[in-house]
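Dear colleague,

Please find the structure below, handed over for your use.

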Amino acid sequence: MKRLTYLDSFRGLAVVCVLLFHFNIFPNGFLGVEIFFVVSGYIITFLLVQEWMGTKKINLKDFYARRIARIYPPLLLMVLTTTLLFVNFPIISITNKFFSEVRYTAFGLTNWYELFHNSGYWENGVKSPLLHVWSLAIELQFYFFYPLIYKLFFNKKMSNNDFKKRFILLISTFICLLFTLTFFLSYHLNFNTLYYATFSRISSFFIGGLMGGLACLGIQNFIKSKWITLLTSLSLIGMTPLFSLNNIILFRGIILIYTTLLGILLLNIHQNKDDFIVSKIFQTKFFSSIGLISFSLYLWHIPILIFLNQQLVLNTFHINIKNYLLTTIQIMLSIILACLSYFLVEKNSIKSKSGILCLSLIFPLLLLGMTTEQVDARLKIIHVQKTVSQKWIDSAPIVTQGKEPLLIVGDSWSRRLAFGLDQYQKINKKNQYQILLYGVGNGSIMDPDYFNQNNQHVLPFKSLDNYLSYWDSAIKTYNPKKVLLVSGLADQAPMVIKGKETRVGDDYFNEIYQENFSKIINFFQSKGIKVYVTNTPKNARNHNQSELALNKVSDDMGKCFDDATSKQSKIQILNLKKLLSNGDKQISKTIIDNIYMYDETNHPSYDGSYYIGDWLFKNLK
């Protein structure tokens, strides 16, 4: 079959949109995934209909062999390379998640892993270098069952005219059923579930398939007009702002309309592909060239984005690189790797049936083997990266050796500060403090029923009364005379208290905060313990407007903290906010004294924790 070059342009457009989205340049760019889905359904159906019209049958073995030969080699190369990088440059907080994704990738089910583990797409927080594989999983699932439709519903005795009628009726029925199901469930399921679920995303393939089938069947007079090309193009551009994350109306008709218009555009271009204007606009050399490497570019850009980060550049080359320059390097390196993958792997795909059979067996076995501890240990060849030990991240109590017992309590930040103080004492051969770490993750002093995080109910580690009992057990055992309370980060999350939704800044929140803060301070002071408290740092890490907007919550938390501490005369406030701002009134600086202060979870990094630990040691007087 002669290559449909206009499809390369749309593939190129799709991957450019996705890249710009992931690099935080184009917030609506995830619509590129819909373009990919429609184009994939279009070309696959074009080929299947062409085969059936020529032979009156579909050779399933050949179809699956072509898909395996096309997808598995570059995907396998990317996953193996990414696993090697992850083992040597681990992202500790998502270790279990990453290796689970590798296992699910082995069977083309990554989207279901993300769905069942409540992974919000591109949400704030830690990104996995395999997060993008979810869309390939849906594509593989589509490729598995889609040709079976032709085997089940079409037979050799059908005339071409009967085939056309049944094809249009059947594919249209699938589209209607899938949309109806998605529309209904959009009132019962959250955005993330619908985003990852196969049933709610696969209709885009069918819409592309319907148009691809019509193009192959040669229905030449169907919407054949340059005006249709213009109107659909303008409509697609006009709908772009509707593609925003967590916008549930996408699944109530927006995606259906968008993909239908895109399918009509593809069909109309096919019927006018020799027109001069159409060829100049929709077969541009830039997008066609990017389209050729689009699959490999999609595979490689996320691992590059995750691993080639500002912290790695600073720690390895001692260069404080600007964000715009780093983004440029990341994009260029992604294109270079995509070109290498395309010309060395994709273009040299396996041709022999025995080779394809071996590949289909080796692919899952090799990926599963990569997730075993024995293999991981052998892949570990770089031992220079310093990471915070998992025990300092978990919520179990930690007791170190030292002269003076120091109780440290609070949220997850308390654990990083305790780690930093411990490292400072070890490296500088100090033995001043015996650290009693009783801080926990989600350690809010607000005593919430639960937190509202990404439309999920997250329970607190303990109730406030249970925290007091927990700390009291440490006091009775070790008799500390000082306590460091590190709070205010977990307290910023939306939460429900006594059945009422609230967040810092609300009068209801502030009232409870004042009461609970006083209760905690009185608890420690009644036992003769001197109380140190840290204030709340700015949430923003740079001067981008989206980052600065995060300061609204931290500033509200700061006001609440100031009100509470103003009523306490015998506590000592440690100005963590001033330390981390390093002279900047708007942000907590990412880099201070050539130290990258935060890890991927927005907690103090190994070196950042040490920096704070040094400061703590000198201020705990």
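Lysine 527 and aspartate 472 join their side chains in a salt bridge, 3.0 Å from N to O (a side-chain nitrogen of Lys or Arg within 4 Å of a carboxyl oxygen of Asp or Glu). Lysine 527 lies in the loop between H22 and strand S9 (530–534) and aspartate 472 in helix H21, so the pair ties together parts that are 55 residues apart in sequence. Helices (H or I, at least four residues) and strands (E, at least two) are DSSP runs, numbered from the N terminus.

The model is predicted: local features need pLDDT of at least 70 and side-chain atom pairs pLDDT 80 or more, while totals for chains, interfaces and linings use all residues. Residues are numbered from 1 along each chain as its sequence is written, and side-chain values use heavy atoms, leaving out hydrogens and water.

Aspartate 472 also forms a salt bridge with lysine 476 (3.2 Å, N to O); both lie in helix H21 (residues 464–478), four residues apart. Aspartate 472 is buried, at 14% relative accessible area, whereas lysine 476 is exposed at 67% and lysine 527 partly exposed at 35%. Here buried means under 20% relative accessible area, exposed over 50%, and partly exposed in between (1.4 Å probe, protein chains only).

Elsewhere, aspartate 599 forms a salt bridge with arginine 416, with the closest N and O atoms 2.8 Å apart. Both aspartate 599 and arginine 416 are buried. The structure holds 14 salt bridges.

Threonine 565, found in helix H24, is buried at 7% relative accessibility.
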